[in-house]
Amino acid sequence: MTQAPVHSRPAPATAERIVGKPIDRVDGRAKTTGAARYSAEYPYPDIAHAALVHATVSRGRIAGIDAAAASAVPGVLAVITHLNAPAMKPPPPVSMMNLSSLASGTTVNYLNTDEVHWDGQPVAVVVAETLEAAQRAASLVEVTYETLPATFDFAAEEKNAKPQKSDLVQSGGATKGDAEAALAAAPVSVDLRFTTPPHNHNALEPHATTAAWDGDRVTVYDGAQNMYWVRDNLALKFGIPAANVRVISPYVGGAFGGKTMVWAGTILTVLAARVTARPVRLMLTREGVYRTVGGRTPSTQRVALGAEADGRLTALVHTSVTRLGRVGGGPEQVTSQSRHLYDAENILVQQNLVKLDLLPNTVMRAPGESIGTFALESAIDELAGELGMDPIALRMRNEPERNPIDGKRFAHRMLREAYARGAERFGWSERTPEPGSMRDGRWLVGMGVASAYHPSWQFAANVTVRLSADGTVVVRCGFHEMGMGGATAQAQIAADALGVPFEAVRVEYGDTALPTGPGAGGSGQTASIAASLVSACDKLKRSVLALARRSGDSPLRGQRMTGVEARDGGLYRTGRPGLGETYAAILTRAGRDSVEARVGSDTRVGAIAGQVRFMSKLMLDRRRWVKAASGAQFCEVRVDPDTGEVRVSRWVGVFDVGTVINAKTTAGQLRGGIVMGVGMALSEETLVDPRNGRIMNPSLAEYHVPVHADIPSIDVSWLDEPDPTMPLGLIGVGEVSITGAAAAIANAVHHATGRRVRDLPITLDRLL
Amino acid sequence: MKAFSYVSATDVAAALRAISTEPNAKFLGGGTNLVDLMREEIEQPDTIIDITRLPLSGIEELPGGGVRIGAMVRNSHLAAHRLIRTRYPMLSQAVLTGASAQLRNMATVGGNLLQRTRCLYFYDGAAACNKREPGRGCDAIGGFTRNHAILGASEACVATHPSDMCVALAALDATVVAESVRGVRRIPMTEFHVLPGETPDIETTLAADELVTAVELPDLPVAATSAYRKVRDRASYAFALVSVAAALETSGGAVSAVRLALGGVAAKPWRAYQAEQVLLGAPATDETFERAADAELAPAVAQSQNAFKIELARRAIVATLRRLLTEGSAA
């Protein structure tokens, strides 16, 4: 939760920038030694353990529950079902005025209804003295169902999809000119269909919650990407003020979108603690994650491109079908990148949706663009083949000056530079264009490229910064640390802003008792906090200068901020070395233990005002600019000509992510996205039985994420040019690197074998 | 997991007495499969007899030139043993392609013989499975059958045996040594596992009260030029779609000795006798290898999603034999 300050190292002699350096993460030691405490590790002497019982039909009503055998298991405290659970309020209807209404993973009021809406929905929770007793008893709960007709076969139902309606955040479709007519008239064209399968979240830490009530107040430890959504959702469900719910989310063992919404496990742990009047812990089994936490929707996509013989795009069509649950889920912005990447004269994008009786989908790393770039960037590669053009040259031929769909300005756009650097690092010039023309011994070798694209986001963040007379700094903001290095990055930013050593800064996060931080989503957390943190540090420096300039003894007497810079642990006159003094000296003389500055208000009115101010700024910003991270993905694959096995042998990714705060954690984020992209390309697939809607591979043994042996050394780099419209010039790095990855692999596989695989994953049977 | 009693045996006689007196008891070796299945409540023994302290951890040469492997030898130890690496490289390679390093450090030779299928429907208590509950039906048929059998399946069960080690043992004509209170029995490896027929719940010819104490490998010069090729959906930690254990010796351009077995294709490690018959004495060429593979796979029947495995098996057989011919035992 916090980082212990280290005072032993001397302050750097000069104002050396800390932002950009590859600094070790501040929580690295705690994590590698096991000292870091996760949600399921909070000890209470009287803790009880919970286990879920899942429905085994896709749609129906519970006809009967026999809990006798379960209740008889020694140590069982309660078997909670819809027959005996206390009433909870249903989730609120989704409203853009109350963003926490987006938090509900599903609209089901768990254990307050006899209705079953998907195979896997929790229908009972067992609480016992031990985990073993709870799990055994859960297996003995006998549930019978009246089944109702249900639809769950995406392949069969996608023809019934309806166009997605546009809302404040995303539009379901857009057009420029007449793309279909231009396509028909184009001298060279491709018109292709792609499919991607459902994917499930597999964070190292399964979802876990520990909840303890004290009267009508509850403390909830929950690995979350948005603690405030958890807080508000629980307050509403249990009919208590939000101030009575404290959510602590200190370390999160990976999330990737899977911990953005509030899922059944969190709610049912709080319910179980209330029913049993005991602190309760529930860590989902891996199967429990698959059955109760949404994943990525499958998709079918059409990408059609028309071009002149010189490669100039005249038509770009990208349409998609994805699914929602009947009881929740959100549209994937599959066509997002197709509105921004290519300067086509005519464009048509349209997203379509079908509702099924399945666990609702949710966000997963780069929702939309990860699977959307697979289709678009594969199609561009195919068109390059039709044109006889180099695929990079085709992209550069169509690189837009302004946003293609609406002519808005790009805040930042460096794809040309990314491709140029990537081609050099990768050795693209050694590629012979003809498919199947490159070999290494018996292996077929292929090289592929694709563009990465992910919009950048910024959210509201309240921050306080306190400077103490001993020179240490505490930054407080309720943000989320899922492994990306948030506390380390913010400590670097504060250290530079205040001119103090990195080690003097302590960052507190992961607790709703702190000033309200942003959710960790949309790759927007770092930029969101940075904006407020820099402004809080400015306020703080002004307060400190105000103390100094009033003092006749200070070399800063009468100075204004414009003539002063923060460095060497204090304030000094610009261009006048030695003329200034340390914060410690200023505060000590003023008789102050500390000085604090705050950005944003956590009062009810303050929060609403802040949200309105923020939303209007966001909307204005969006009207003016198109902001995004982008990149060039280069990969080399080897394909076994006998068996069709594909092995990724080399990777170069060059990204435009603006200012990089921490070179080490940024590289880790970018590599991690590529690894997930390799999984998406080659092996990941949730198997939903089309006969009954049941997930059949809910385990890491049968759902194939990449293992170490699947991953080569990955060369990532960035252009390090600040985006002038973003705080500190930084663009989020969390998601961009999964985008384009699957297409780069598919394109490399085609180059190696001459086979186009348009259906993920690219398993060996598709190459036999 | 259902509660169970635990006893630990320190010698073979005590273990055999315990299994013959305790009702619904199971031996516990490395526990890498049994404990998983107990957690899923697919196995629900009342008593666990821990045999990890039995003195069955040796690998020794037999007087006739073969090798005897104790049932408690850990997989990683087996794979690393000099006798195995030099005389039976396919066995060492097969073991190393299985599971993960952590699992191989725990898993035992005896336990690996009794590994149960990874059929998704066997593992899911909500699904119908004749292996788990005889007579309930088989949801795998018509379902996800990528990992399922193409040879020797029945209308009751289409599951495959997941072990890599067993494929090599079947190719090597190993013998399983089993003991019970009634005495010692020697079971040829190729007769240890059985095809499902009408009773897929019966997977081996081992009696419920018998303990595997050793596996014996014959003196088999051809095995010195042998290899194991596993084809799967990721580079490690995945079960075989198809695997091939092959040993090949040629003389004057013709096959003078051969052993061939397939994994991932049937409810038992599949000894490819038909292919061996075609190969023996024939010129060691791709054409012969292809003919041999075709002969073995002639009776193959695909499930809804695994027709590719017939072609994959054919290619894997040819490629493995070709590589043995040109590169020897190099893994």
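How much area do domain 1 of chain A and domain 3 of chain A bury between them? I looked this up in a predicted model, and the value is about 1100 Å², with 61% of it on carbon and sulfur atoms.

**Entry 1: domains of chain A**

Chain A is divided into domain 1 (28-36 + 458-621), domain 2 (40-149 + 201-292) and domain 3 (411-456 + 627-768). I then turned to the pair formed by domain 1 of chain A and domain 3 of chain A. Their centres, taken over C-alpha atoms, are separated by 37 Å. I noted that 15 residues of domain 1 of chain A are in contact with 16 residues of domain 3 of chain A. Between these two domains I recorded a count of 1 salt bridge. I also looked up A:Lys627, which forms a salt bridge with A:Asp621; the closest N and O atoms are 2.7 Å apart.

**Entry 2: chain A against chain B**

I next asked how many residues of chain A are in contact with chain B. The contact involves 34 residues of chain A and 34 residues of chain B. The two chains bury about 2800 Å² between them, and 54% of that area is on carbon and sulfur atoms. On the chain A side, I found that A:Arg136, A:Arg691 and A:Met696 lose the most area to chain B, together 21% of what that side buries. For charged pairs, I recorded 7 salt bridges across the interface of chain A and chain B. I also looked up the side chains of A:Asp765 and B:Arg146, which meet in a salt bridge at 2.9 Å, N to O.

**Entry 3: the annotated span of chain B**

I consulted the UniProt record for chain B. Its annotation, from an unreviewed entry, reads "domain: FAD-binding PCMH-type" and covers residues 1-222 of chain B. In the model, the end C-alpha atoms of residues 1-222 of chain B lie 46 Å apart. I noted 27% helix and 17% strand for this span.

How values were computed. Residues are numbered from 1 along each chain as its sequence is written. Chains are lettered from A and ligands numbered from 1 in the order in which they are written. This is a predicted model: local features need pLDDT of at least 70, side-chain atom pairs count only at pLDDT 80 or more; totals for chains, interfaces and linings use all residues. Side-chain values use heavy atoms; hydrogens and water are left out. UniProt positions are given in the numbering used here, feature names are shortened, and annotations may be inferred rather than shown by experiment. Helices (H or I, at least four residues) and strands (E, at least two) are DSSP runs, numbered from the N terminus. Domain bounds come from an automatic or database domain assignment. Contact means heavy atoms within 4.5 Å. Buried area is the accessible area (1.4 Å probe) that two parts lose on being put together, summed over both. A salt bridge is a side-chain nitrogen of Lys or Arg within 4 Å of a carboxyl oxygen of Asp or Glu.
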